[in-house]
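Welcome! Please take a look at the sequence and the 3D structure below, and then follow this short tour topic by topic.

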Amino acid sequence: MVIVLKPATPEKEIQALTESLLAEGVKVNPVIGSQVSILGLVGDTGKIDAERIKANEYVDSVMRVVEPYKKANRKFHPEDTVITVNGNTVGSKKLAMIAGPCSVESEEQIVTVAEAVKKGGANFLRGGAFKPRTSPYAFQGLKYDGLELLKEAREKTGLPIVTEIMSPHDIDVFVRDTDIIQVGARNMQNFDLLKELGKIRKPILLKRGLAATIEEWLMSAEYIMAGGNDQIILCERGIRTFETYTRNTLDLGAVLAVKKLSHLPVVVDPSHATGKSWMVSDLAKAAVAVGADGLIIEVHNNPAKALCDGQQSITPDAYAKTVADLRAIAAAVGREL
Ligand code: PEP
Ligand code: MN
């Protein structure tokens, strides 16, 4: 971190600031000029609050030279993180194929879809039991009954379950009953939830917030990792832009950025990114082409009747075709399905 001081900052102010920084456990290298002086900080600057330093009346600007995330940073952990769930991996050569309905609706629905996506090439089942809906009057999910139905589908297919948590109160149940805990876009900065998830040892699928920068997203991963849970899968699911044709704007550049900045695996959700079922297959291909470690895709046996996100859900047949088409793309970039 580099702190640029305002011209003609008195010596005693430089001294006072230096002492407060030393007390935070970093080394301070001053470069004192006749007009402008700078303080170069080395050591673990991650804990230093740049905004607070900027509030000092003698400070002109503060620049970070190392990213504020440490545990999620590839600089400190060059090898890719590979997460293993019941023998399936996320982040290895083999792509993680997560598929299933937006929400669990009934036993028949979740079991039918689970069997169909497994046949089509999925190796994880998704399905929401607790749904973060914009309207309080919309279907909110089957909640604990939904988790029971997911367990039944897992029993029948062997597919590990990925499902969204909304409240820290449910962590014990999710640890017991699920395989990967999803943190939805709307909760990406629910810091109390993230801190609690840092205390458990269960993989977390961390979706990018609706309007989160890449750094904010990685800082949310850092919240979980700071607590000791390093099993994080990042999920790019589109961000809010001025464009309204699609539900969100799929940021495939973020996949490349995150793979460079972090060692954590990243999967892409073309369903929420577009809100349009007809775009899902082609953007899934594009995601694999840029190096995503997997895909999370909404599949429903009857999209027109879905209780949530039917417009972006593809049928099991369309899913099977997507997976078949993906094989050639995966092979071209050194991956497999
Ligand atoms: C979902 O996966 O169904 C969901 C609500 O996703 P997101 O948090 O990305 O909107
Ligand atoms: Mn959905």
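Predicted model: local features only at pLDDT ≥ 70, side-chain atom pairs only at ≥ 80, totals over all residues.

## Overall layout

Residues are numbered from 1 along each chain as its sequence is written, chains are lettered from A and ligands numbered from 1 in the order in which they are written, and side-chain values use heavy atoms, with hydrogens and water left out.

- Along the principal axes, the C-alpha atoms of the protein chain fill a box of roughly 75 × 45 × 40 Å.
- The protein chain has eleven helices and 14 strands; these are DSSP runs numbered from the N terminus, with helices (H or I) of at least four residues and strands (E) of at least two.
- Of the 337 residues of the protein chain, 53% count as buried. Here buried means under 20% relative accessible area, exposed means over 50%, and partly exposed is in between (1.4 Å probe, protein chains only).
- Contacts are heavy atoms within 4.5 Å. Among the contacts in the protein chain with a separation of 6 or more, 67% come from residues 24 or more positions apart.

## The manganese site

- Which residues coordinate the manganese ion (ligand 2)? They are Cys102 (SG), His272 (NE2), Glu298 (OE) and Asp309 (OD), at 2.0 to 2.4 Å.
- Donors are N, O and S atoms within 2.8 Å of the metal (3.2 Å for Na, K and Ca), and water is not among the atoms, so sites may look incomplete.
- Read along the sequence, the donor residues of the manganese ion (ligand 2) have the spacing C-x169-H-x25-E-x10-D.
- Are Glu298 and Asp309 buried or exposed? Both residues are buried, and Asp309 has a relative accessibility of 11%.
- Asp309 also has a positive phi, near 60 degrees, in a residue other than glycine.

## Two packed helices

Two packed helices are described by the angle between their axes and the distance between the axes.

- Helix H6 (residues 191-198) packs with helix H7 (residues 214-226) at an angle of about 45 degrees, and their axes are 6 Å apart.
- That makes H6 oblique to H7.
- The axes are lines fitted to C-alpha atoms, for helices over the stretch in contact, and angles run from 0 to 180 degrees between N-to-C directions.
- Angles under 35 degrees count as roughly parallel, over 145 as roughly antiparallel, 65 to 115 as roughly perpendicular and the rest as oblique.
- On the H6 side the contact is made by Phe191, Leu194, Lys195, Leu197 and Gly198, and on the H7 side by Ser220, Tyr223 and Ile224.
- By class, the contact of H6 with H7 has five nonpolar, two polar and one charged residues. Ala, Val, Leu, Ile, Met, Phe, Trp, Tyr, Cys and Pro count as nonpolar, Asp, Glu, Lys and Arg as charged, and the others, Gly among them, as polar.

## Residues to find in the model

- Lys143 lies in helix H4 (residues 143-157). Lys143 has a positive phi of about 55 degrees although it is not a glycine, and it is partly exposed at 36% relative accessible area.
- Glu215 belongs to helix H7 and is partly exposed, with a relative accessible area of 41%. Leaving out residues up to four places away in sequence, Glu215 touches Pro68 and Tyr69. From C-alpha to C-alpha, Glu215 and Tyr69 are 8.1 Å apart in space, and 146 residues apart in sequence.
- Asn29 is in strand E2 (residues 27-32) and counts as partly exposed at 42% relative accessibility. Beyond its neighbours within four places in sequence, Asn29 is in contact with Ile38, Leu39, Gly40 and Val42.
- Arg335 is in the segment after H11 and counts as buried at 14% relative accessibility. Not counting residues up to four places away in sequence, Arg335 touches several residues, including Gly91, Ser92, Gly291 and Ala330.
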